[in-house]
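Good morning, and thank you for coming. I would like to take you through a few features of one protein structure, beginning with a pocket and then turning to strands and a helix.

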Amino acid sequence: MRDALFESHIPHLPLIHRGKVRDLYAVDGDHLLMVTTDRLSAFDVVLPTPIPDKGRILTAITVFWMRKVEAMLGIPNQLTDIALTEVVADPAVRAPLEGRSLVVRRLRALPVEAVVRGYLIGSGWKDYRASGKVCGIDLPEGLDLAARLPEAIFTPSTKAELGEHDANIAFDDVVRLLGAELADQLRSTSLGIYAMAREHARRRGILIADTKFEFGLDSDGRLHLIDEVLTPDSSRFWPEERYRPGISPESFDKQFVRDYLEGLDWDKNPPGPTIPDDIVARTAERYREALRRLTAEPA
């Protein structure tokens with residue numbers, strides 16, 4: 001297992017933003033360098049223990065999905081053909097960035113997390129138990145934890161700053177933020193991507209319980225898929241063979257770490273606790289298994 005990268009450092013490129021997982025650098029007026037580190041966040045807190053190779057796995061999964069979504073659905077994305085060597089010439093600086101860095105187009109990010117849910121879990125389950133709704137959407141009575149929904153639903157949220165919590169919002173709030181036409185496009189595009197991806201993953205033994213997309217606009221106002229796409233960090237992936245309604249299913253994603261943290265005496269505020277080596281190793285293997293399954297040909 002290669003050394004983990006907790007934080008990137010590129011002396012000759014201006015650092016624009018250091019997020020929970022990704023570091024963004026300015027390349028020029030039209031391009032950014034996006035570095036996916038091995039940092040792991042849980043409950044909106046960046047944990048001090050990285051997961052080795054996580055950034056490379058997330059990058060590989062994102063590129064896989066972006067290309068597939070564009071090929072199958074015609075939805076553009078922020079990928080470019082510019083190689084890392086063209087923007088980071090020094091081999092010593094470039095080495096830790098290999099496999100985890102993408103030169104991407106600068107786009108105007110929308111101020112909304114485009115969340116799609118196919119199953120009732122997480123904050124959606126909490127909302128449902130309290131009101132019978134998720135983001136203002138009425139759901140049938142009597143649904144169990146982790147139940148498959150009659151149809152996938154678009155449940156947007158705000159974009160929180162580092163250390164803050166995303167908050168579910170109603171579709172009417174998206175309309176107020178973006179306008180009716182763009183809000184409708186965001187919802188239909190998100191649901192379309194999820195429908196395609198859910199079927200692809202199901203044929204490989206993975207249920208995509210829910211996922212979060214991010215989108216940006218180019219200078220012509222055209223919608224593009226950005227950031228990360230259908231990764232274990234932005235989605236809940238459940239092994240189909242172990243799925244049972246009524247319980248919180250096992251997962252390929254960072255829910256494994258969340259479950260470990262729930263057993264600790266930690267108030268979910270910074271600083272986060274360190275993660276033991278065995279939990280790190282088992283988490284890394286789950287990320288690798290997600291990559292293997294998603295990119296494999298179906299049996």
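The second largest pocket holds about 210 Å³ of space. Please keep in mind throughout that this is a predicted model.

Which residues lie nearest the centre of this pocket? They are Thr80, Ile82, Ser101, Leu102 and Val103, out of 13 residues that line the second largest pocket. Two elements give two or more residues to that lining: helix H1, residues 54-73, and strand E6, residues 101-105. Strand E6 gives the most, with three residues. Sorted by class, the lining of the second largest pocket comprises seven nonpolar, three polar and three charged residues.

Let us now consider the strands. Strand E2 covers residues 22-26, and four of its five residues are buried, so E2 is largely enclosed by the rest of the structure. E2 runs antiparallel to strand E1, residues 15-18, and three bridges join the two. Within this pairing, Leu15 has Tyr25 in E2 as its bridge partner. The hairpin joining E1 to E2 passes through three residues.

E2 is also joined by five bridges to strand E3, residues 31-36, and this pair is likewise antiparallel. Here Asp23 stands opposite Val35 in E3. The hairpin formed by E2 and E3 has four residues between the strands.

I shall finish with helix H6, residues 255-262. Which of its residues are buried? In H6, these are Gln255, Phe256, Val257, Arg258 and Leu261. Among the elements that cover the buried residues of H6 are strand E4 (41-42), strand E15 (235-239) and helix H7 (277-295).

Technical notes:
Residues numbered from 1 in each chain as written. Predicted model: local features only at pLDDT ≥ 70, side-chain atom pairs only at ≥ 80, totals over all residues. Heavy atoms only, no water. 1 Å grid on protein atoms, 1.4 Å probe; cavity = no way out; pocket = protein on both sides within 12 Å on 5 of 7 lines; lining within 4 Å. Points joined across faces, edges and corners; volume = space filled by probe spheres on them. Nonpolar A, V, L, I, M, F, W, Y, C, P; charged D, E, K, R; others polar. Buried < 20%, exposed > 50% of the residue type's maximum accessible area, 1.4 Å probe, protein only. Contact = heavy atoms within 4.5 Å. Pairing = 2+ DSSP bridges.
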